[in-house]
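Please keep the sequence and the coordinates open while reading.

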Amino acid sequence: DYFSSVVKINGFNAPFITTRTNASIDLEKLDRALGLQAYDLKGIFDLKLNADGQFAVGQNPKRIRRDIVITSFPSFNLNASLKNGYLKYNSLTQPLQQVSFNAMLSCPDHDYLHTSASIDNIDIRALSSHITGFLRVKNIDNFPVEANLDMNVRLSELVQFLPLDSISLNGLLTMKLTSSGNWQAEKNEFP
C-alpha cells in the first residue's frame with residue numbers, strides 16, 4: 001500500500017498548478033485503520049493523477065458583452081481502478097461484491113471543453129443482481145457518447161444491500177443500453 005502526492009500552486013489570482021499523485025490502497029486495511037463502524041470495505045484501489053497548467057478566468061473571447069468564463073484549465077490525466085471491491089453496510093444482511101471498474105479522465109490541452117472520460121469494465125454484483133458494461137464521453141465540446149450497459153436488478157433485494165429506509169420495492173428491472181452518438185441538449189440531439 002502506498003500514497004504519494006506532490007502539489008505545487010504558484011500564484012493566487014490565476015494559479016499555475018502542478019500535481020503528481022500515485023496510490024495503491026487495500027481498502028480493507030484502510031477500513032480497519034480508520035475504524036469505520038457503519039460499513040466494511042474491501043478491494044484494491046489504484047489512482048494516478050498528473051496535472052500541469054494555469055487555472056484562469058476572464059472575458060469570453062467569443063462574446064462582446066461581459067461574460068466571464070474559464071479561459072485556462074490545467075491539462076491532466078487521471079486513471080483510477082477498483083478491483084475485487086466489496087461494500088457491506090453493517091446494518092444490512094448482504095454486501096455489494098465483485099465491484100470493479102477502470103476509470104479515465106483527461107484533458108490534453110488547457111481547454112476544459114476537451115475533457116474526455118470513460119468508465120470501462122464496470123462489474124457490480126449483489127445477490128442475483130448485476131450491472132456490467134462501459135460508458136465513454138470523448139469531450140464536453142460536442143459530447144460524443146458511447147455506452148454499453150447491461151443491468152439486471154431484482155428490486156426486492158435492494159433493501160438487503162443498500163440502506164433504503166421505509167421503502168418497499170418489488171419487481172425485476174432489466175436494461176440493455178447501447179448508445180453511440182453526440183448529445184447536444186440545446187439542439188435536441190441525443191445519441
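**Accessibility, salt bridges and the pocket**

Asp-67 has a relative accessible area of 23% and is therefore partly exposed. Here buried means under 20% relative accessible area, exposed over 50%, and partly exposed in between, with a 1.4 Å probe and protein chains only. The model is predicted, so local features need pLDDT of at least 70 and side-chain atom pairs count only at pLDDT 80 or more, while totals for chains, interfaces and linings use all residues. Residues are numbered from 1 along each chain as its sequence is written, and side-chain values use heavy atoms, with hydrogens and water left out.

Asp-67 sits in the loop between β4 (56-59) and β5; helices (H or I, at least four residues) and strands (E, at least two) are DSSP runs, numbered from the N terminus. Phe-143 is 76 residues from Asp-67 along the chain, and the C-alpha atoms of the two are separated by 22 Å. Strand β5 covers residues 68-72 and includes Ile-68, which counts as partly exposed because its relative accessibility is 45%.

Ile-68 also belongs to a nonpolar surface patch of about 240 Å², made together with Val-57 and Ile-70. Patches are made of residues with over 30% relative accessible area and no salt bridge; like charges are joined within 9 Å, and nonpolar side chains (Val, Leu, Ile, Met, Phe, Trp, Tyr) within 5 Å. Accessible areas come from the Shrake-Rupley method with a 1.4 Å probe, and for residues only the protein chains shown count as cover.

Of its 13 lining residues, the closest to the centre are Asn-60, Lys-62, Val-69, Ile-70 and Leu-113. A pocket is an open set of points on a 1 Å grid over the protein atoms alone, where a 1.4 Å probe fits, with protein on both sides within 12 Å along at least five of seven lines; lining residues have an atom within 4 Å of a point. The lining comprises 5 nonpolar, 3 polar and 5 charged residues, where Ala, Val, Leu, Ile, Met, Phe, Trp, Tyr, Cys and Pro count as nonpolar, Asp, Glu, Lys and Arg as charged, and the others, Gly among them, as polar.

Side chains of opposite charge can pair when their charged atoms come close. The whole structure holds 8 salt bridges, each a side-chain nitrogen of Lys or Arg within 4 Å of a carboxyl oxygen of Asp or Glu. One of them joins Lys-29 to Asp-1, with the closest N and O atoms 3.7 Å apart. Lys-29 is in helix α1 (residues 27-34) and Asp-1 in the segment before β1 (2-10), so this pair ties together parts 28 residues apart in sequence. Lys-29 is partly exposed at 45%, whereas Asp-1 is exposed at 61%.

Arg-20 and Asp-52 form another salt bridge, 2.7 Å from N to O. This pair links distant parts of the chain, 32 residues apart: Arg-20 in strand β2 (residues 16-26) and Asp-52 in strand β3 (residues 39-54). Arg-20 is partly exposed at 36%, and Asp-52 is partly exposed at 27%.

Asp-123 pairs with Arg-125 at 3.1 Å between the closest N and O atoms. Asp-123 is buried at 16%, while Arg-125 is partly exposed at 29%. Salt bridges with shared partners also join Asp-120, Arg-136 and Glu-146 into one network.
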